[in-house]
Amino acid sequence: MLRPILFLVLFFGLAAPAYAPVHAQELTLQTILQENSDEITKPKRRTVSTALDALVASGLPQVTQFLEQWQDKGVWLREDDGLYFYASADGGDLTLTDIDTGAESTVPKDGFKQLKPNGGVRRVIATALVQFQLSDPDLARRETAVQSIARRPEASQLGPLLASVDGEPDAALKARKIQLANFLSASFAEDPADRIAAIESLSTDTSIEARAVLNQILNAKPDVAPRTDAGPEGNIARELKPGSDLSSEDAYAQLVEAGFAQAAITPAALREAIVSNVVEGKVGGVPTAQLNSQDNRVKAYTALAEDGIVPPFVTAEEREAAIEAHVFFEEYSEKDPAITTAALDALNSIETRVAAAQTVDLTLDALSLASIYFLAAIGLAITFGVMGVINMAHGEFIMMGAYTGYVIQLFVPDYTLSILIALPVAFAVTFGAGVAMERLVIRHLYHRPLETLLATFGISIALQQLAKNIFGTQARPLTSPAWLDGAWVVSDVIQISYIRIAIFVMALMFLALILFVLKRTRLGLEVRAVTQNPGMAASMGINPDRINMMTFGLGSGIAGIAGVAIGLYAKVTSEMGTDYIVQSFMTVVVGGVGNVWGTLAGASMIGFLQKGIEWFNPSNTLAAQTYMVLFIILFIQFRPKGIVALKGRAAAD
Amino acid sequence: MRKTFISQHPSVLWFLAILGLFTVFVAVMSEASGIGLISTSMVKTLGKTLCLALIAIAMDVVWGYCGILSLGHFAFFGIGGYAIGMWLMYARTESIITANLSSQVIPPTPQEVTDAIGNQIFGVVGSSEFPMLWAFSHSLTLHLLMVVLIPGLLALIFGWLAFRSRVTGVYLSILTQAMTLALSLYLFQNDSGLRGNNGLSGLQNIPGYEDASQASISVAFFAVSALALGLGYVLFTLVLSGKMGSVVKGIRDNEARVRFLGYKVENYKLFIFTLTAIIAGIAGALYYPQAGIINPAEIAPIASIYLAVWVAIGGRGRLYGAVIGAAFVSLLSSWFTGGGVPPLNLGFYTILWTDWWLVLLGVAFVCVTLFFPKGIGGLFDYLVRKPS
């Protein structure tokens, strides 16, 4: 891969002298400067390269410092003998530094002249400097040089960059240099074969930079030419058909711009011309009262045009004919078709890879969204799914958990510790709230599910307003620990923030915990027994009241913990619960009531669906939500019991 | 027949008499008649309350009588409002634009008028084209039809899908709530063609009556709302009397048993659901010209839940209960949130009712559900003993 590019170096002017042998042992920088004193003292952009070449050819170690000082206007000329010094002005005095020995002295300013190369020259100097910086012993300086090349790639940097690749000790930087050299060769190498080779080598690189380089090569601008049998000349990207590829208005505007047609009269301009030519209540013989239709206005305008007052009117037919007589196309600014074809192929191959990577990224996004929905809904899966209680205040329990985390952070400044404290405290708070609610309200309404819905809704609005009264309307932060900042970056396309990974892990932990409690503990056994048949369970010595209370408390407590997790990535407000309540119910219903696995399936389906719809229309998350809800409505039509439907007697009600 | 109907339902007569007296009283006391004891804004509030009472009886029929807790009826209300709002906004903008353009040197072309109206209406969402939805906005007749047809059709399709697959109980509630959510999310989009979250505004100005004062317009709307409420009350009483009413109540009490008796439960439910949706649409079409503005937030799922709250507080299963609930809660709510109630000083803390009203409402609501399942309307049972 690298070989053709290295081969190129031999043909490349600038780099070669850098490796020419040093020809004299007593050579000092000052002598070289004196040999080129004309160019050093009064440099010009076109001619300064001879002096730079001589400096570079010397191979002296001080050249780098000199070039830097020169660029920064730190070189002064002693006018008596024409010697150069580094100097810094301090009032009327100069601190002089000898260019070769580094000896310092302080002298009055008189008799010295600062060298001030202009901007163009400074850029040439900077380019020459790059080759030194690229092989500088200091890693940081080498990285800076590479970065500056990446920021403003220029043809002249290719040689030095290639020359520095072999000597690069740092593996990561070496890889970066090779990548950058490929970018530069793809754009600037002189031999088309080298460019094509470099372009082909880019076809596996999915970075944004590589795509930018290729797009730069494929830069095409629209043009227009009279239609001929041979078709337009030049390296044509594609032909544009008026009507489908570009609107006929745009096409005609392009014709006008290229001077092939006369500017069309827009309705506004037509109106303008008519209004400014009203004579005795008439325009071109048409009374103004009749000028309320486009046809009559055109008639008036044509009359004006015949008198030579306004430019002639271009009819729609004429415009059509003009568009028909010309061919519209996009032409590459790159003249060589072989290169653009190679770039197009490379870009297509990259796009395929990027699409694959985007699919992976989308999957990760969807997983993280699904785990958020799962966390929000898992508590509800217990209270609604297992017990059949519609708890509209579930969202407010999530909010209570988040505010608990916020309050704890006010007292415990260490974020890691505060989150660790907040999780059990949030559980305790919402567990208590859930138990109280069950005792006071829900217990009395077990036989009236619709009224549970309304009563818990009353609690929900009361809690919401209470939170607003206590914490105010503005959003409160729940800060995540520093080690959760940032994102896990796999490539330019695939990345996911650590908080989302943490939420995902947390969702998995909860799934395991709930399954364990329900399937492997005494409490879980009793819960299932009471759910299936309260009467029978009671006669077996289980206290259904106590179990209902514990189950409801458990579901609410988990909502509180979910609140801490959700608060970490979303803002904590008194209304945050309402954002999740409808979604959570849909998650449970879609998944299938009475089954934790169903909730997982529901959350996954909704998460993936929403991300999938967003992918089709990324600018509009509202539309995605709309379509998702519509889909869910339809889905429930066909599977009213959800994805994981209970069978047999358990499904009876 | 008429006589027996009234003797069977004495509450209808009482209701119509009270409503009629109230309407005449408000009209006489309003600013339009010159007495001005009741301000124009108060007349509007009362008129809006009547519209809310209308949708509340629709909700009562579908929930209290048929047992379908629909959390989507406020969406139909909003659709009715949007349907009439589109015409109001178009017609008013057209008259303003035409007046503006006619003062110019040459008369405007139809295209120029349309462009100017489009610019005026949709400029706020960065567009000037008329979306497909507005194709009929020039026609009042078509939009009046839309007030009835769109909620009706939507309810018909949605209800057919839902009842056919036997979605019942809380599942249906959640499904209707999802429908409402989808609709409000759709309306929040700027490219929905209904001005996104800006909604439609300036609806209080009735085209063709530019010279009429807001005082007389408000009284007119109040009277029409009262008429609509009275007609709706009679209509629902008729629908719910006789065999039809018995079947509907039977569905509420035991759906499976009614089905086993050979009745097509789905058809009855669909009829009630669609009819109430249409009434809700009409109520909305009367409400929003009095409110003056409609935006997607009005349709948010919470509004439909409040509707259920009104009906529950007023008393389910009796039409006058719904009217009382809607009027009582919505007027009380505007009294409390409007700062009309003096703050309560507890010594250590002063309760500002604007902040604490929702807490009070929530707690009151829980108490009503727990202790007074019959609502305020239940109190009438103590006053009136039914002839056995």
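How many residues of chain B are in contact with chain A? The contact involves 42 residues of chain B and 42 residues of chain A, where contact means that C-beta atoms placed from the backbone lie within 7 Å.

## Basis

The model is predicted: local features need pLDDT of at least 70, side-chain atom pairs count only at pLDDT 80 or more, and totals for chains, interfaces and linings use all residues. Residues are numbered from 1 along each chain as its sequence is written, while chains are lettered from A and ligands numbered from 1 in the order in which they are written. Helices (H or I, at least four residues) and strands (E, at least two) are DSSP runs numbered from the N terminus.

## Chain B side of the interface

On the side of chain B that touches chain A, 42 residues take part. The elements that give two or more residues to this side are α7 (169-188), α12 and α14 (353-371) of chain B. The largest share, 14 residues, comes from α7(B).

By class, this side has 31 nonpolar, nine polar and two charged residues. Ala, Val, Leu, Ile, Met, Phe, Trp, Tyr, Cys and Pro count as nonpolar, Asp, Glu, Lys and Arg as charged, and the others, Gly among them, as polar.

## Helix α12 of chain B

Helix α12(B) covers residues 301-314, and its end C-alpha atoms are 21 Å apart, in agreement with the 20 Å that its 14 residues should span at 1.5 Å a residue. The expected span is 1.5 Å times one less than the number of residues.

Of the 14 residues, 11 are buried, so α12(B) is largely enclosed by the rest of the structure. Buried means 20 or more other C-beta atoms within 10 Å of the residue's own, with C-beta atoms placed from the backbone. Among the buried residues are B:Pro301, B:Leu307, B:Trp310 and B:Gly314. Just after the helix, B:Gly315 has a positive phi of about 120 degrees.

## Sheet in chain A

An open sheet of three strands runs in the order β6-β10-β7 (chain A), with antiparallel pairing; strands pair if DSSP finds at least two bridges between them. Because β6 (220-226) and β7 (236-240) each have a single partner strand, both stand at the edges with one side left without a neighbour in the sheet.

Seven antiparallel bridges link β6(A) to β10(A), residues 326-332. A:Ala220 has A:Tyr332 in β10(A) as its bridge partner.

Key: Buried ≥ 20, exposed ≤ 12 C-beta atoms within 10 Å, placed from the backbone. Contact = placed C-beta atoms within 7 Å.
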